[in-house]
Amino acid sequence: IRESVLLAQKLGCGIEISRVPLYKTKGMTIDDTVSLLLNDLTGFDNRITFHAMFSDVNIASPDYEIKEISQKRYIQSFEIARKIGADTVLFHTGYKGTKHSGSIYSFKKNYTAFFNDFIKEFEKEGMTAVIENVFDYEPDFNFDLFERINSKNFKPALDTGHVNLYAPGTNVNDWIKKFGRNLYHMHIHNNFGRYDEHSNLLNGSLDFKSIFGCLKENDLHPSMVLEMFSEEDVKISLEFMKKFEL
């Protein structure tokens, strides 16, 4: 992470921590993880956001044990984020895009029950929780969760690449308009609609000129994470973004 921290510092950007070893390394504790991250963040003064642990988690699972460990991972993510000074924590919903009405009802009920209590921790710390689309095929599902969890500290996030992959009946601008003033955070990256490539903004089938135009037309200013994994792609994307004065 230190390499990415130094690059962000050089470019005048914030950073989103999106990979933590806690769930991958037996015996790794929250304090161990925090110590590693704080060491990598030494001297970094720009904004920090945190991507919650997401591998295999589902906080609304009907399986009690899966739900229990998933909720533990969300709580641990909050604790790590708080201790490293992050102001925003991004969560996947864990929703798999099922169209079974009973499963959708159960998922929303369980998800809301957990977050209505969990969000109080964010409110106490002045932090924001955001939920990101992954397998969602339209924006209404996430928007409904946002409305059910009535807190100014709970907001929608939008991942452009995931829209291109998993919601082919919509486009990114549909999601932007649906979330409107509540759109708080974005992951921006490109692909060709087949694999989650996390390419630079010019390498894929998404039209970021149109996407940025939609944001400007609606006077929206969400934070944006260049969620791509090479220095070259980040630099190409930043140069492109400068044209739009976002």
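**View A. The lining of the second largest pocket divides into six nonpolar, seven polar and eight charged residues.** The model is predicted: local features need pLDDT of at least 70 and side-chain atom pairs count only at pLDDT 80 or more, whereas totals for chains, interfaces and linings use all residues. Residues are numbered from 1 along each chain as its sequence is written, and side-chain values use heavy atoms, with hydrogens and water left out. Nonpolar covers Ala, Val, Leu, Ile, Met, Phe, Trp, Tyr, Cys and Pro; charged covers Asp, Glu, Lys and Arg; the others, Gly among them, are polar. This pocket has 21 lining residues, and those nearest its centre are His 51, Phe 54, His 92, Val 134 and His 162. Its volume is about 320 Å³. (A pocket is an open set of points on a 1 Å grid over the protein atoms alone, where a 1.4 Å probe fits, with protein on both sides within 12 Å along at least five of seven lines; lining residues have an atom within 4 Å of a point. Points are joined across faces, edges and corners, and volume is the space filled by probe spheres set on them.)

**View B. The largest pocket has a volume of about 1200 Å³.** Among its 39 lining residues, Cys 13, Gly 14, Ile 15, Val 225 and Leu 226 are the closest to its centre. The lining comprises 19 nonpolar, 10 polar and 10 charged residues. Helix H1 (2-11), strand S1 (15-17), S6, H8, S7 and helix H9 (231-241) each contribute at least two residues to it. H1 gives the most, with five residues. (Helices, H or I of at least four residues, and strands, E of at least two, are DSSP runs numbered from the N terminus.)

**View C. Strand S6 (residues 185-188) runs parallel to strand S7 (residues 223-226), joined by four bridges.** Strands pair if DSSP finds at least two bridges between them. His 185 has Ser 223 as its bridge partner in S7, and Ile 188 stands opposite Leu 226. Strand S5 (residues 154-159) is also parallel to S6, with three bridges; there, Ala 157 is partnered by His 185.

**View D. S6, helix H8 (residues 208-217) and S7 form a right-handed β-α-β unit.** (With the strands pointing away from the viewer, the path from the first strand over the helix to the second runs clockwise.) From S6, His 185 and His 187 point one way and Met 186 and Ile 188 the other, and all are buried, that is, under 20% relative accessible area (1.4 Å probe, protein chains only). In a regular strand the side chains alternate between the two faces of the sheet.

Definitions and conventions:
Buried means under 20% relative accessible area, exposed over 50%, partly exposed in between (1.4 Å probe, protein chains only).
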